[in-house]
Amino acid sequence: MGSEEIGSGIEGPMFSVLIPAYNVAEYLGECLESVLKQSYVDWEAVVIDDGSTDSTGQICDRFAKKDIRFKVFHQKNQGISVTRNRLIELSKGAYIIFLDSDDYWIEKDLLQAVYNEIIKNKVEIVAWWAKLLDNETKQVQNCQNCIPVASEVLRGEEFVRQMTKNGLCRWWSFLYAFERTLWDQCHIAYKEGRVICEDAEVLYQVLLKAERICALGNYFYCYRIGREASLTGQFRYSKLRDMMEVSALNIQNVRKMELSTDLKDDLCGNFAYMYMESAPQVFGLGKKERKEGAQMMLSYKWIVNYYKDFGSLKNRMKIIAYKIFGVRISLWLIYICQRIMGY
């Protein structure tokens, strides 16, 4: 991809910032302001109010009146996956960037840095790091999320290999800018009905498809954790269902891909972690949901065979427990340890 080819065939801005919004009135202003203050100006922000019942919609409209680069749409509540798919359809930029409406960009030069990297290295994907903001304690911690260091341009497979070989990365699409043509070539969409793990089902496939990816090596994104009203801040049956189902589907898909054995093993080990995180929580559900959750947990117990310790003593102890006690008893023991000791 030459610099003269960037955005060719696309009539629109360089960047489309895609923001799904649902009942985030408390945080949305900070999110949208972080886009508005960007030093690089060739962008549009496509915002969908997904049937909010608070003042989210009014805040969206206020920013649309303030700056025509904000394109605001309102719809009946349809969920995060349907909303993300519609955001992509409505956007016109050469590159797309996801931004969660309760999060924000820390630096005003994020888009400029991404643009510079695209021009300099002719990349299809640019990545960056995040800071995690605890919504309760207000403590902040850095999170590189296993994204490789800056200054290297890597093929998609090598990028994913470096992400997964030494630990458990989180599949967060908001840490990337994606070339639209690459995204379209993947022929994938977010699955309707997902309440969590929708990124995990999609992101790895786009990364593997890329020929040129680089990372900025900066903490540009603030990810808010511990917010009870967010989908990731609650535990319920639908969350457990999605985590286990996505874990299983991803492993099955990876096993069919033409990848090296070590990369397959690391990817499957990473996806198996989602099962290991969610399955013990079955024991904390209500009676009816616990029965359904237990059936699902046991139907996917084969996932344990792909679990890896990644050099962690805690993970190694879990694997030993599975071999000694079997899946159901070991998962129950893990749940008890988590409740009593925070293990």
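**Loops, salt bridges and helices**

Mentor: Let's start with Cys197, which is found in the loop between helix 6 (180-186) and helix 7. Helices (H or I, at least four residues) and strands (E, at least two) are DSSP runs, numbered from the N terminus. Keep in mind that this is a predicted model, where local features need pLDDT of at least 70 and side-chain atom pairs count only at pLDDT 80 or more, while totals for chains, interfaces and linings use all residues. Residues are numbered from 1 along each chain as its sequence is written, and side-chain values use heavy atoms, leaving out hydrogens and water.

Trainee: OK, what's the phi of Cys197 like?

Mentor: Cys197 has a positive phi of about 65°, although it is not a glycine.

Trainee: And is Cys197 buried or exposed?

Mentor: Cys197 is buried, with a relative accessible area of 13%. Buried means under 20% relative accessible area, exposed means over 50%, and partly exposed is in between (1.4 Å probe, protein chains only).

Trainee: What about Asn145, where is that?

Mentor: Asn145 is in the loop between strand 7 (140-143) and strand 8. Asn145 is not a glycine, yet its phi is positive, at about 55°. With 7% relative accessibility, Asn145 counts as buried.

Trainee: Switching topic: how many salt bridges does the structure hold?

Mentor: The structure holds 18 salt bridges. A salt bridge here is a side-chain nitrogen of Lys or Arg within 4 Å of a carboxyl oxygen of Asp or Glu.

Trainee: Why would such side chains pair up at all?

Mentor: Side chains of opposite charge can pair when their charged atoms come close.

Trainee: Got it. Which residue does Asp100 pair with?

Mentor: Asp100 forms a salt bridge with Arg84, and the closest N and O atoms are 3.3 Å apart. This pair links distant parts of the chain: Asp100 is in the loop between strand 4 (95-98) and strand 5 (104-105), Arg84 is in helix 3 (residues 80-90), and they are 16 residues apart. Asp100 is buried, at 17% relative accessible area, and Arg84 is buried too, at 2%.

Trainee: And Lys108, what does it form a salt bridge with?

Mentor: Lys108 has Asp109 as its partner, with the closest N and O atoms 3.5 Å apart. Lys108 counts as partly exposed at 42% relative accessibility, and so does Asp109 at 33%.

Trainee: Which side chain meets Glu211 in a salt bridge?

Mentor: That would be Arg155, at 3.3 Å from N to O. Elsewhere, salt bridges that share partners join Lys191, Arg194, Glu201, Arg241, Asp242 and Glu245 into one network.

Trainee: Let's do helices. Which residues of helix 4 are buried?

Mentor: In helix 4, the buried residues are Leu110, Leu111, Val114, Glu117, Ile118 and Asn121. They cover an arc of only 125° around the axis (going by the directions from the helix axis to the C-beta atoms), which puts them on the same side of helix 4.

Trainee: Why can residues spaced out in a helix point the same way?

Mentor: An α-helix has 3.6 residues a turn, so residues three or four places apart point the same way.

Trainee: What should the 12 residues of helix 4 span?

Mentor: Helix 4 (residues 110-121) should span 16 Å at 1.5 Å a residue, and its end C-alpha atoms are 16 Å apart, which agrees. The expected span is 1.5 Å times one less than the number of residues.

Trainee: Last one: how far apart are Gly226 and Ser101 in space?

Mentor: Gly226 and Ser101 are 15 Å apart in space, C-alpha to C-alpha, and 125 residues apart in sequence. Gly226 is in the loop between strand 10 and helix 8 (237-256), and counts as partly exposed at 36% relative accessibility.
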